[in-house]
Amino acid sequence: MATATAADARAFPATRSRMAALTLAAIGIVYGDIGTSPLYTLKTVFSPEHGLPLSPANLL
């Protein structure tokens, strides 16, 4: 693995901050998707097109 030098930091001054921003965005996308996927799944499963009524027994 290559080590960054002072010359690299001067040549690409925004690289570290861009990487931090991209990392934060990726984490938000992954965890946001994990949080909303069950909602979309339940909405689809219990939609009228599939004929499965929303009831406590079916939900469990």
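This is a predicted model: local features need pLDDT of at least 70, side-chain atom pairs count only at pLDDT 80 or more; totals for chains, interfaces and linings use all residues.

Colleague: What pattern does the protein follow along the sequence?
Modeller: Reading along the sequence you get α-α-α.

Colleague: How confident was the predictor, on average?
Modeller: The mean pLDDT of the protein is 77, and 77% of the residues score at least 70.

Colleague: Which element has the lowest mean pLDDT, and which the highest?
Modeller: Helix α1, residues 6–11, is lowest with a mean of 60, while α3 is highest with 87.

Colleague: OK, what about burial? How much of the protein is buried?
Modeller: Of the 60 residues, 3% are buried. The accessible surface comes to about 5500 Å², and carbon and sulfur atoms account for 71% of that.

Colleague: Which residues make up the nonpolar surface patch?
Modeller: Ile27, Val30, Tyr31 and Ile34 form it, and it covers about 420 Å².

Colleague: Take Ile34, then. Where does Ile34 lie?
Modeller: In helix α2, which runs over residues 15–45.

Colleague: And why does Ile34 count as exposed?
Modeller: Because its relative accessibility is 53%, and the cut-off for exposed is over 50%.

Colleague: Which side chain does Ser47 have a polar contact with?
Modeller: His50. The side chains of Ser47 and His50 are joined by a polar contact of 2.9 Å.

Colleague: What about Leu54, buried or exposed?
Modeller: Leu54 is found in the loop between α2 and α3 as well, but Leu54 is exposed, with a relative accessible area of 61%.

Colleague: How far is the C-alpha of Leu54 from that of Leu42?
Modeller: The two C-alpha atoms are separated by 9.4 Å, with the residues twelve apart along the chain.

Colleague: Last thing. What does UniProt place at residues 22–59?
Modeller: The record there, an unreviewed entry, gives the feature "domain: K+ potassium transporter integral membrane".

Colleague: And how does that span look in the model?
Modeller: Residues 22–59 are 74% helix and 0% strand, and the end C-alpha atoms of the span lie 37 Å apart.

Definitions and conventions:
Residues are numbered from 1 along each chain as its sequence is written. Side-chain values use heavy atoms; hydrogens and water are left out. Helices (H or I, at least four residues) and strands (E, at least two) are DSSP runs, numbered from the N terminus. Buried means under 20% relative accessible area, exposed over 50%, partly exposed in between (1.4 Å probe, protein chains only). Accessible areas come from the Shrake-Rupley method with a 1.4 Å probe; for residues, only the protein chains shown count as cover. UniProt positions are given in the numbering used here, feature names are shortened, and annotations may be inferred rather than shown by experiment. Patches are made of residues with over 30% relative accessible area and no salt bridge: like charges are joined within 9 Å, nonpolar side chains (Val, Leu, Ile, Met, Phe, Trp, Tyr) within 5 Å. A salt bridge is a side-chain nitrogen of Lys or Arg within 4 Å of a carboxyl oxygen of Asp or Glu. A polar contact is a pair of N or O atoms within 3.5 Å; within protein, one must be able to donate a hydrogen and the other to accept it, and residues adjacent in sequence count only if both atoms are side-chain atoms. pLDDT is the predictor's confidence in each residue, from 0 to 100.
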